[in-house]
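My entries follow in the order of the look-ups.

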Number of protein chains: 2
Amino acid sequence: MSEKLDQLKEKLGEVSDIGRAASVLGWDQQVNMPPGGSEARGRQLATLSKIAQEKFITDEVGRLIDDLKQEFDGADTDEAAMIRVAARDYDKAKRVPPEFIAEQAIVTSKAFEAWREAKGKSDFSIFQPHLERVVELVEKYISFFPPTDHPYDVLLDDYEHGMKTADVKAIFDGLRPKQVKLIKAIASSKHVKDDFLYKKYNEQKLMDFGVQVITKFGYDWSRGRQDKAPHPFETTFSVNDVRITTRFEADNPLAMLFSTMHESGHAMYEQGINPAYERTPIAGGTSLAVHESQSRMWENLVGRSLPFWEHFYPAFKKTFPTQLDGVSLKSFYKAINTVEPSLIRVNADEATYNLHIMLRLELEIGIVEGLIAIKDLPEIWSSKMQEYLGITPPDDAKGVLQDIHWSNGAIGYFSTYALGNLISAQLWEKINKDIRNLDDQIRKGDFSELLGWLRQNIHRHGQKYEPQKLVERVTGSKITPEPYIRYLTKKYSEIYGL
Amino acid sequence: MSEKLDQLKEKLGEVSDIGRAASVLGWDQQVNMPPGGSEARGRQLATLSKIAQEKFITDEVGRLIDDLKQEFDGADTDEAAMIRVAARDYDKAKRVPPEFIAEQAIVTSKAFEAWREAKGKSDFSIFQPHLERVVELVEKYISFFPPTDHPYDVLLDDYEHGMKTADVKAIFDGLRPKQVKLIKAIASSKHVKDDFLYKKYNEQKLMDFGVQVITKFGYDWSRGRQDKAPHPFETTFSVNDVRITTRFEADNPLAMLFSTMHESGHAMYEQGINPAYERTPIAGGTSLAVHESQSRMWENLVGRSLPFWEHFYPAFKKTFPTQLDGVSLKSFYKAINTVEPSLIRVNADEATYNLHIMLRLELEIGIVEGLIAIKDLPEIWSSKMQEYLGITPPDDAKGVLQDIHWSNGAIGYFSTYALGNLISAQLWEKINKDIRNLDDQIRKGDFSELLGWLRQNIHRHGQKYEPQKLVERVTGSKITPEPYIRYLTKKYSEIYGL
């Protein structure tokens, strides 16, 4: 058996090498590439992705997986996990015909262009026919798979393996009323002063400060780097080369700092995975939601906490003495935690963010069930925004057209963001039981025990455990909204004196 | 036939995509990669190179080439050239067994490490056994090919297709006595003052100046970029993404400027190739020597000329007023053209450079003929340095260990550097016949007609013509040392008053 296992690992190792080579090309495209390079780069990426697929779905790989599956079935070993994940991915890949993938690439490429134009002109009708084609293909995609409890399960499973539509709905149903109630309570409280956050901040100084912060977190620069790019993201070329990007927005300067912490959370997860998993199917984080739990934890539970700023605020104020003249630690802390219903998901605060997600999930399920027509989306969007957040988008650009995901065919993705928030708070409660004086440590700028805990309990496992099993294994409970609600309620009760 | 041609182009297009993806990974390795990334990067590059080879030497590609070769044989079309180059590369690739390539990769990887250590400790004995293994493999490599006039022909052909050992020897035999005579004449002349070149220069200002210069040359920044790297080089990801690197050496600051011009010469060649050749075997420059003729032309025939500095010196002096205080244009021009026998090839001036190459060629031929034992190399090196340049290396690091090439298995490469020098002067004579007032144009900082000529006569053809055929086609003569000797004699007679 070990010979077959070695054979399979070698085949999948090559597939992994190609995928990671493609990641390098993708990173370069965002970070360095001169404008002229894009056409050839697109072709090079298409070729790599085609070859990776060809090399993966061979009959030989199928036979090796089948033979090994019987041998390793049910074992709690790394090898069994590799074969399980390989079998899952192989089965999915074999079900989807290459012609479909090619068609989808063409449709989504056009849909992306249409979306960009539609957003620019704030005119949904430009995007509408393309989104209709995208949805047709999504329905066709679902038809390639065996029947599930709900057709949306097929989509969800691609982004959060094992998650069911009914489960997400139940989780969100438990969350929604409490979160809405909290926001209403905050809305009737005194407004927090935060104008000093939107003064002119020096980009380089902010960037340097972010570097200092994530260095203290434990981001390993000998195995990573940070560059500027149009959008912040994390990308992995190997466990020893995990890079992040950042950007500066003049009208929201501190976003650079928080998104740096966010991306470092993704990156430290990838840097912490067992190096023995390299080039195997269980390298990389176990799911989008668990990944997001790590980025959100460093950005919000750590980076927007009072202990964190008790440590960093003196240095921060020294770096920006004019901007923060007369601003006390408490005022600053309150300001960076302002809650305010807003139109744009990516700018939403911790208290309102999940409602943006729930809205999208409901629309996606409605579309897949055939109950919502694409042409009605702008209107439904507006009414739901009013219902959940009490505001109405002035136009499509600030409403239904704001996110890129649907134009890429990524229907089923959004809920992982909210699930990530929930998991982050669930882990946080457990961490604070295991590390009694965590706040004191953070107050001293010492994050080593926190990172050590995450490495030990989450990071090193890579994809060895299914996401929900991992959460249950660590916290003793399935994904649940209670800890997140407790976290928000405590935090905002203090800030807003509820 | 056009269907078969399309099939072949598609297959070779994929091979090209993979090769260029590998170039992106290689560039990133030199320019950006954190230290941790190297192990995985090595594996990713090995996988890409293996797959490119697999995809190239299939029986199907072989059949397509055979069928098309008969159809297109002898035609002077782009298609015929593509098939000719594909057939040549295919034949070579098929002759070398994959196990040999794997063995060579291991041997040269160890040899490279040993060379680095040996050079650091200036101890040839550390490198000797590794170089012996490298040479054994080189001999084995030669045995894969049909007999040639001289066994070294096989090696030469890989770097300069169609070039024969006897031809290079004949060219160098014609060059050597005249070049030695010239150097002797210079040596007995008055020393040129050049201490101001080695003062402290600001790195960023030098870099900015280099950018200005190559922008005027016509390097297209919308299809390229420049970064810092441990060694200057040019790399091509597509005709529309051709990048260069540069470096700063505190003890030889102006080298940054000249190497930027040098690399821009390579890059403008690649940027000027017919875009219709993309993803075909005739994309890219036609040979190392012709490539070097372009880089050397911009660096030396343009960049170290008096008209060039008549244009740029006022701005340069304004940028470095302290360093160049009291230094006239003439003094500066003489200083950057100082001739002095020196130990290190890469630092050699235009007059002595080729002698460094001839020394290496003689050693390589002696090794391949079995007349020179590896253990004797340091001694032979020293005696030849004394014979040609009148100096003796104080140690191995400044002698036989200075170049990386042999550790990589690149035996047969060196002469392309000297051939590039010769071709550059040959082209220059022709250019100055075709563009009568070229000096005046350069004096005005106008390089457009020069670049236009190079595009028209050299660049756009890519690999359509064999290197020697291209030179003959353009200049009416085979590669010959006369123009280079004329160029050197004229230039240095003026500078040194010979």
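Before starting, I note that a residue counts as buried when its relative accessible area is under 20%. I also keep in mind that the model is predicted.

Entry on aromatic pairs. I searched the whole structure and found 66 aromatic pairs over all chains. I then looked up Phe100(A) and Phe144(A), which form an edge-to-face pair with 5.1 Å from centre to centre and 90° between the planes. This pair links distant parts of the chain, since Phe100(A) belongs to helix 5 (residues 98-121) of chain A, while Phe144(A), 44 residues apart from it, lies in the loop between helix 6 (124-143) and helix 7 (152-159).

In chain B I looked up Tyr141(B) and Phe145(B), whose rings form a tilted pair, 5.1 Å centre to centre with 50° between the planes; both residues are buried.

Entry on charges over rings. I found Arg243(A) over the face of Trp27(A), 4.5 Å from the ring centre, and the charged end of Arg304(B) over the ring of Phe258(B), at 3.9 Å from its centre.

Entry on Arg360(A). I located Arg360(A) in helix 14 (residues 353-368) of chain A, and with a relative accessible area of 1% this arginine is buried. Its side chain is joined to that of Asp403(A) by a polar contact of 2.6 Å. Leaving out residues up to four places away in sequence, I see that Arg360(A) touches residues including Arg345(A), Trp381(A) and Phe414(A).

Note on methods. Residues numbered from 1 in each chain as written. Chains lettered and ligands numbered in written order. Predicted model: local features only at pLDDT ≥ 70, side-chain atom pairs only at ≥ 80, totals over all residues. Heavy atoms only, no water. Phe/Tyr/Trp six-rings, centres within 6.5 Å; stacked < 30°, edge-to-face > 60°. Helix = DSSP H or I, 4+ residues; strand = E, 2+ residues; numbered from the N terminus. Buried < 20%, exposed > 50% of the residue type's maximum accessible area, 1.4 Å probe, protein only. Lys NZ or Arg CZ within 6 Å of the ring centre and 35° of its normal. Polar contact = N/O pair within 3.5 Å; in protein donor to acceptor, adjacent residues only side chain to side chain. Contact = heavy atoms within 4.5 Å.
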